[in-house]
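Work through the exercises below with the sequence and the coordinates open. Each task is followed by a solution in steps.

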Amino acid sequence: MNPPSSNPTRFNYRSQLRLEAGCDYSAVRTAAQTARQWLAEKKLTENELAELELLLVEVGNNAVKHATTETHKQNIVFDITVGEFEIEIQVTDHTPGFDWPEQIDLPDVESEHGRGLFLIQSLTDHANYLRSRRENVTVLRRRRATVIGQPPSVEELKRRLAEADSALSDMTAELSSSYESLVALFRYSAELGKHIELRDFSNRLLRDLIQIAEADYAVLRLASPDGRRLETLNVQPDTVGALPALNLAGDINSVETEAARTRQDIWFSPEEPLAKADPIVALAGNGCGLCHAFSFADQLVGTVAFGRFATDKPFSAAQVNLLHTFIDFLAIQVVNSRLLDERTAARVTRRELQIAADIQRSLLPATLPACPPFEFATVCQSALQVGGDFFDVIQTADGTTLLVIADVMGKGVPAALFAAVLRSTIRSMPQLFSQPGALLEAINQTLFDDLSRVDMFVTTALVYLDPQHGRLVSASAGHCPLLVWQPKADATGPAGNSGFPLGIENHTKYPQTVTPLPPGAVALLYTDGISEARNEAGELLGDHNLADILSDIARTNQRAQTGKKLLQERVAAFSGKAAMADDQTFIYIRHVQ
Amino acid sequence: MNLSLHENVLEVHGLDCLSATNSADFRNRVRPMIDAQHPIVQVDCSTVRFIDSEGLGALVSIHRATIPHQGKVRLLHPTPLVRKLIELIHFDQILELTP
């Protein structure tokens with residue numbers, strides 16, 4: 001053990017003792033006893049002396065326990081500072097060190113080990129462990145016991161005043177040296193939670209950190225949303241070059257991918273050099289440094305690599321501690337930024353859906369025209385997201401009516417816009433209303449290019465009501481079949497055939513079907529949201545069940561409005577509590593007797 | 001450190017400290033002497049000026065060795081530091097403290 005030494009240049013306002021001890025239990029114990037003798041001269045209580053001796057032994061023993069054959073050769077350094085109100089112990093060792101747990105609990109009472117850190121925590125007001133590559137520093141602080149006794153003499157008060165004055169001067173000097181770090185940290189604290197461009201923030205933070213920690217370069221990468229890649233956000237100084245993204249599942253051997261996989265600090269130096277293929281080598285050669293991975297709620301957020309070009313001097317424990325603190329700020333800002341982006345995107349989506357809903361509502365007829373002897377009732381019910389269903393009822397000058405029902409593939413604004421275009425296109429061709437097949441063919445040719453360009457298609461069914469002959473003329477472009485209940489047969493069946501949906505084939509021909517709709521008969525135009533409604537067990541309603549439901553309702557000879565209501569109730573009863581997955585639209589048509 | 005047997009008690013005297021430097025020796029000398037005839041270990045703590053976590057661990061080790069023989073560890077006249085530490089880590093639940 002080396003003799004006690006003092007460091008009057010830095011802490012001359014307080015009493016300080018430095019002891020060096022070999023890395024073994026006996027030397028640690030001897031150092032603690034020497035320290036106790038020195039502390040006894042500082043008028044500490046017996047209890048303080050005993051507990052401080054124990055603290056020194058526990059911290060020193062921790063270093064001995066974690067020493068390797070190589071590090072056993074390096075001394076443990078004890079720095080003890082006795083101030084007016086506080087005692088500080090710094091123990092520096094050169095072992096691989098250990099992870100200081102976030103929470104220190106007592107082991108089971110029958111356990112023979114694991115109480116050292118608990119004792120340290122219990123007997124101090126502050127305990128911190130700064131871990132670096134070749135240097136670990138344990139910092140302990142505890143308040144001095146209050147000694148009640150005779151009031152101090154005038155000389156004693158003068159001495160204390162002088163000490164306090166000196167302490168203030170030295171603390172000012174210390175504060176000045178930490179000024180840059182403090183200013184930067186205060187600034188980052190103020191910026192947390194604000195919507196700041198992440199690249200600008202990280203630029204400033206990395207530049208500050210390079211200067212304060214005396215690094216030569218820093219590389220910040222962020223994990224991709226799927227967690228499979230590390231994408232480069234920032235390289236500082238930007239003059240050192242750029243780096244490609246790293247595939248975390250790939251075979252590139254790099255400190256950044258290793259840090260990301262293990263979530264541990266990975267160090268490199270000339271003795272433990274980077275792999276030749278490591279992108280950091282191409283950027284900065286084989287200096288020394290470390291890479292730190294940072295996470296939020298167990299999810300990898302990114303990595304920061306810091307290094308020095310030409311020296312093999314690793315970062316000190318204090319510098320590593322500072323790096324971690326700065327990166328904590330960075331991690332919070334990254335997560336904040338992502339949350340804000342997600343919130344903004346959600347707002348945009350909500351707004352888009354609102355616009356789409358407005359468009360969809362504007363397409364629906366405000367009132368339904370009369371077309372005796374036919375009557376009809378309509379439903380258009382949106383699922384959670386705005387879909388592409390729409391219907392239209394167009395009355396011609398001669399008193400006939402064209403019913404339109406359509407389902408545009410997709411949801412949101414694009415689907416709503418195509419629905420609007422389809423509506424306008426149909427309304428621009430009144431000369432073809434009585435020929436639904438020809439009308440669909442013309443519409444398909446008009447819209448085909450636009451639909452193809454965006455890979456969309458539309459299913460549509462048109463029904464021309466011919467009151468004079470009591471019949472329906474219909475055509476379908478890939479839409480659900482028109483169901484017709486005939487009172488004479490008391491049966492419901494599909495009417496007509498279908499062609500391709502609009503937007504699939506440019507020159508499609510659409511067959512046209514004429515279906516008699518005698519008095520009392522009922523027809524139903526619907527979208528697949530009705531026939532594909534699911535119950536809580538996930539079962540489909542299906543066309544067959546829908547036809548049975550329609551028969552049940554139609555044979556009771558209800559008015560169209562009542563028939564519509566009953567059909568809605570039957571579909572809802574089938575679905576139960578299952579959420580509506582798609583829009584549900586239908587037109588209930590009846591020939592009044 | 002001196003060991004002596006008195007009826008069913010193994011007495012430990014002359015310990016000035018129980019720490020990482022001597023806890024293995026303490027453990028290795030005391031444990032083999034615990035048996036059915038001497039299930040109780042009585043440590044004179046009046047001279048123990050220092051104890052650390054390793055020393056406390058050694059006391060647990062001795063306590064565990066007495067359990068198969070329905071014995072116990074008794075600490076006589078612990079110093080304030082020893083008593084405080086024993087209570088801090090709840091060893092007073094398994095060891096007997098005699099003022």
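Predicted model: local features only at pLDDT ≥ 70, side-chain atom pairs only at ≥ 80, totals over all residues.

**Exercise 1: exposure and backbone of single residues**

Task: decide whether Arg263(A) is buried, exposed or partly exposed.

Solution. Arg263(A) has 13 other C-beta atoms within 10 Å. A residue is buried at 20 or more such atoms and exposed at 12 or fewer. Arg263(A) is therefore partly exposed. Arg263(A) sits in the loop between helix H7 (255-262) and strand E10 (266-268) of chain A. Its phi is positive, about 60°, although Arg263(A) is not a glycine.

Solution. Gln70(B) has 9 C-beta neighbours inside 10 Å, so it counts as exposed. Gln70(B) is not a glycine, yet its phi is positive at about 55°.

Task: classify His72(A) and list what it touches beyond its sequence neighbours.

Solution. The count for His72(A) is 14 C-beta neighbours inside 10 Å, so the class is partly exposed. His72(A) is placed in the loop between helix H2 (46-65) and strand E3 (76-82) of chain A. With neighbours within four places in sequence left aside, its contacts are Cys23(A) and Ala67(A). The C-alpha atom of His72(A) is 9.8 Å from that of Asp93(A), which is 21 residues away along the chain.

**Exercise 2: a helix with a buried side**

Task: which residues of H13(A) are buried, and what covers them?

Solution. Helix H13 of chain A runs over residues 542-554, and its 13 residues reach 18 Å between first and last C-alpha, close to the 18 Å expected. The buried residues are Leu546(A), Ala547(A), Ile549(A), Leu550(A), Ile553(A) and Ala554(A). They span an arc of only 165° around the axis, which means that they are on the same side of H13(A). The cover includes strands E18 (482-486), E19 (491-495) and E22 (522-526), together with helices H12 (528-531) and H14 (560-575), of chain A.

**Exercise 3: a helix pair**

Task: describe how helix H6 (residues 198-212) and helix H9 (residues 317-363) of chain A are arranged.

Solution. Two packed helices are described by the angle and the distance between their axes. Here the axes come within 11 Å and cross at roughly 180°. An angle over 145 degrees counts as roughly antiparallel, and H6(A) and H9(A) are therefore roughly antiparallel to each other. Residues of the contact divide into 11 nonpolar, 3 polar and no charged. Among them are Phe201(A) and Leu205(A) in H6(A), and Phe326(A) and Leu330(A) in H9(A).

**Exercise 4: the chain contact**

Task: how many residues of chain B are in contact with chain A, and which helix of chain B gives the most?

Solution. 20 residues of chain B are in contact with 21 residues of chain A. H2(B) gives the most to that side of chain B, with 7 residues. By class, this side has 10 nonpolar, 7 polar and 3 charged residues.

Key: Residues numbered from 1 in each chain as written. Chains lettered and ligands numbered in written order. Helix = DSSP H or I, 4+ residues; strand = E, 2+ residues; numbered from the N terminus. Expected span 1.5 Å × (residues − 1). Arc of directions from axis to C-beta. Contact = placed C-beta atoms within 7 Å. Axes fitted to C-alpha atoms, helices over the stretch in contact; angles between N-to-C directions. Parallel < 35°, antiparallel > 145°, perpendicular 65-115°, else oblique. Nonpolar A, V, L, I, M, F, W, Y, C, P; charged D, E, K, R; others polar.
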